[in-house]
Amino acid sequence: MKFKRYALSKLATIKYGKNQKKVLSEDGNIPIYGTGGLMGYATTALYDKPSVLIGRKGTIGKVKYVEHPFWTVDTLFYTIINADIVIPKYLYYVMSLIDLNNYNEGTTIPSLRTETLNRLEFDIPSIEEQEIVLSCLNPIDRKIELNNAINNNLEQQAMALFKSWFIDYEPYNRTVPNNWVEYKLSDFLPVITGKKNANVSSSIGTYPFFSCSQDITWTDEYSFEGNAILVAGNGDFNVKFYNGKFEAYQRTYVLIPHNPRFSAWLFYAVKYNLNKITAAARGSVIKFITKGNLEDFSFYAPLNLDDFDVIDQFTAINNIIASNREENACLSDLRDALLPKLMSGELDVSNI
């Protein structure tokens with residue numbers, strides 16, 4: 001491939017995100033992104049064309065790519081891309097090869113300046129050659145997106161199953177059965193806080209690092225192992241499920257049931273009732289929940305859980321989700337191995 005070198009200022013115009021308060025809505029369907037990931041939904045879009053998103057403050061290491069209408073907050077840049085020179089997805093790929101942490105100009109909080117970003121240079125081939133490279137990478141991304149869509153559907157099915165049995169009591173004529181009792185979450189597990197500060201997280205590593213963010217980072221250390229429910233203790237309250245070795249941020253709650261059979265079922269119990277659990281959150285600026293908020297969360301279930309087979313349906317669903325995630329990890333590794341070779345021209349794609 002033949003390349004021409006361009007400064008980023010020639011490839012894209014960097015734009016500042018805006019405060020989301022006026023557009024944030026429970027009825028919105030346009031995603032609002034911050035450096036930590038999805039923050040909610042808006043009623044209107046800040047930009048509606050494909051764009052590369054770049055962290056301005058906070059998490060600045062890697063870029064993100066979106067093709068749908070979106071809103072970004074003021075800690076996240078978005079870009080208006082010069083499509084005459086570069087295909088937006090190609091720019092995303094070529095920018096993903098660099099670690100923007102190397103251009104940090106913040107003192108306490110990692111930060112990037114537009115002046116510094118605009119001076120970054122990239123080797124860009126012709127549009128035709130960009131399209132050939134993308135034809136090698138896009139199928140991998142599409143498979144990853146398909147697996148994510150399947151997992152999202154499976155989670156919705158599990159949530160509907162939980163609602164039917166444990167909220168609406170549909171199999172029992174919408175009445176709590178006589179042989180059901182009220183449990184507390186602490187009856188099934190200890191509530192433990194994570195062990196590490198955020199500085200142990202990285203974009204690479206052997207074990208997942210769970211924080212209060214929706215996104216998952218990585219580390220080479222682990223303090224926990226098992227079928228775990230991870231609950232963000234402050235900020236963007238969310239709940240995740242993971243089976244294996246992992247590390248957790250000190251403001252993330254780690255819930256590993258005494259009986260692994262109950263793990264997936266309890267995950268959906270917490271996920272479905274997360275708003276109820278966090279309704280008691282404290283704090284004027286940053287809301288947070290306590291161990292007691294989780295330990296005292298109560299719900300009804302059969303007195304004899306050993307013979308209650310519905311619980312195993314949640315496990316089956318989460319096993320499929322985990323399998324799809326493992327496949328996505330392999331596909332991501334394949335894409336990341338191909339990416340620098342394709343971008344540099346080391347792999348000849350002229351005959352594709």
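A nonpolar core is a set of buried Ala, Val, Leu, Ile, Met, Phe, Trp, Tyr and Cys residues joined through side-chain atoms within 4.5 Å; buried means under 20% relative accessible area, exposed over 50% and partly exposed in between (1.4 Å probe, protein chains only). The model described here is predicted, with local features requiring pLDDT of at least 70 and side-chain atom pairs pLDDT 80 or more, while totals for chains, interfaces and linings use all residues. Residues are numbered from 1 along each chain as its sequence is written, and side-chain values use heavy atoms, with hydrogens and water left out.

The largest nonpolar core contains 43 residues, and F166, V231, W265 and F314 have the most contacts inside it. Helix α5 gives the most to this core, with seven residues. Apart from it lies another core of 34 residues, including Y6, A12, L120 and L137.

Helices and strands are DSSP runs numbered from the N terminus (helices: H or I, at least four residues; strands: E, at least two). The axes of α5 (residues 263–272) and α8 (residues 310–344) come within 7 Å and cross at roughly 90°; axes are lines fitted to C-alpha atoms, for helices over the stretch in contact, and angles run from 0 to 180 degrees between N-to-C directions. The two helices α5 and α8 are therefore roughly perpendicular to each other, a class that covers 65 to 115 degrees.

With contact defined as heavy atoms within 4.5 Å, A264, W265, F267 and Y268 of α5 meet I311, F314, T315, I317, N318 and I321 of α8. By class, this contact has eight nonpolar, two polar and no charged residues. Leaving aside neighbours within four places in sequence, F314 is in contact with A158, L161, F162, F166, A264, W265 and Y268.

A disulfide is a pair of cysteine sulfur atoms within 2.5 Å, and by this rule the count is zero. C136 is in no disulfide, the nearest cysteine sulfur, that of C330, being 20 Å away; this distance is too far for a bond. C136 is partly exposed, with a relative accessible area of 22%, whereas C330 is exposed at 54%.

| Residue | Phi | Relative accessible area |
|---|---|---|
| N173 | near 55° | 70%, exposed |
| R174 | near 60° | 55%, exposed |

Conventions: Angles under 35 degrees count as roughly parallel, over 145 as roughly antiparallel, 65 to 115 as roughly perpendicular and the rest as oblique. Ala, Val, Leu, Ile, Met, Phe, Trp, Tyr, Cys and Pro count as nonpolar, Asp, Glu, Lys and Arg as charged, and the others, Gly among them, as polar.
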